[in-house]
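I am opening my notebook on a new structure today. Below is what I looked at, entry by entry.

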Amino acid sequence: MKHWIAAVALSIAGWLSVCLPAQAAIDVYEFKSHEQEMAFQDLTATLRCPKCQNNNIADSNAELAKDMRQKVFELLEQGKSKQEIIDYMIARYGNFVTYNPPVMPSTLILWLGPLCFLLIGASVLVYRSRRGVAGTKTMDAAESARLNALLEEMEQQADNSSQAGDNKVKK
């Protein structure tokens, strides 16, 4: 009897844990002004999460993004400007935290890489198209006669095979 009650209690606890919605942690910040709240939303939408790579820190659930949101809030509370906060995040996490990295020697490949690939592709296409036209040879009289003979032979074979097929149908 005791085993039966324990089994029922365990199954009820299991069903409740599955059926009840999970509680997610929600960050709540108390802002001094509406402008400060707008600056927070703008900054968290423009800073990239280093862990998630394609999410901004406002949309990311990573612990690192949570810490970054908290730091943005603290810096805004201290009266820092948007640019000062962005500079702080770049100094701490690198240029990767911005969606538009600055043009520097280390980021030149990001800016010039696509242009280089387009130029290389266009030059390859131009080179191949010009080589194809210049590399075309004209046939001399002997080659032309041989080609005509081969074409006539193929036509005769096609006529013979179609006549053979007609003869089989007539029989």
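**Entry 1: Exposure terms.** I start with the words I need: a residue is buried under 20% relative accessible area, exposed over 50%, and partly exposed in between. I also note that this is a predicted model.

**Entry 2: The cysteines.** I looked up Cys-116 and found a relative accessible area of 42%, so Cys-116 is partly exposed by those limits. Cys-49 has 0% relative accessibility, so Cys-49 counts as buried.

Next I checked for disulfides. A disulfide is a covalent bond between the sulfur atoms of two cysteines. How many disulfides does the structure hold? I found zero. The cut-off I needed here is 2.5 Å between the sulfur atoms.

**Entry 3: The whole chain.** I counted six helices and zero strands. Reading along the sequence, I wrote the pattern down as α-α-α-α-α-α. The chain has 171 residues, and 16% of them count as buried. I also looked at contacts between residues at least 6 apart in sequence: 48% of these join residues at least 24 apart.

**Entry 4: Helix 2 with helix 3.** Two packed helices are described by the angle between their axes and the distance between the axes. For helix 2 and helix 3, I noted an angle of about 145 degrees and axes 10 Å apart. Their crossing is right-handed. Which residues meet here? From helix 2 I listed Gln-36, Ala-39, Phe-40, Leu-43 and Thr-44, and from helix 3 Arg-69, Val-72, Phe-73, Leu-76 and Glu-77. Sorted by class, this contact has six nonpolar, two polar and two charged residues.

**Entry 5: Helix 3 with helix 4.** The angle for helix 3 and helix 4 is about 140 degrees, and the axes lie 10 Å apart. I marked this crossing as right-handed. Helix 3 brings Leu-64, Met-68, Lys-71, Val-72, Leu-75 and Leu-76 to the contact, while helix 4 brings Ile-85, Tyr-88, Met-89 and Tyr-93. My tally by class is nine nonpolar, no polar and one charged.

**Entry 6: Helix 2 with helix 4.** Helix 2 spans residues 34-46 and helix 4 spans residues 82-93. They pack at about 35 degrees, with axes 11 Å apart. The crossing is right-handed. I found Ala-39, Asp-42 and Leu-43 of helix 2 meeting Lys-82, Ile-85 and Ile-86 of helix 4. Here the classes are four nonpolar, no polar and two charged.

**Entry 7: The nonpolar core.** In soluble globular proteins, nonpolar side chains tend to be buried together. I therefore looked up the largest nonpolar core, which has 18 residues. Which of its members touch the most others? They are Leu-47, Ile-57, Val-72 and Leu-76. Helix 2, helix 3 and helix 4 each supply at least two residues of this core. Helix 3, which covers 63-77, gives the most, with six residues.

Leaving aside neighbours within four places in sequence, Leu-47 is in contact with Asn-56, Ile-57, Val-72, Ile-86, Met-89, Val-97 and Tyr-99.

Key. Residues numbered from 1 in each chain as written. Predicted model: local features only at pLDDT ≥ 70, side-chain atom pairs only at ≥ 80, totals over all residues. Heavy atoms only, no water. Axes fitted to C-alpha atoms, helices over the stretch in contact; angles between N-to-C directions. Helix = DSSP H or I, 4+ residues; strand = E, 2+ residues; numbered from the N terminus. Left-handed = near helix turned anticlockwise from the far one by under 90°. Contact = heavy atoms within 4.5 Å. Nonpolar A, V, L, I, M, F, W, Y, C, P; charged D, E, K, R; others polar. Core = buried A, V, L, I, M, F, W, Y, C linked by side-chain atoms within 4.5 Å. Buried < 20%, exposed > 50% of the residue type's maximum accessible area, 1.4 Å probe, protein only.
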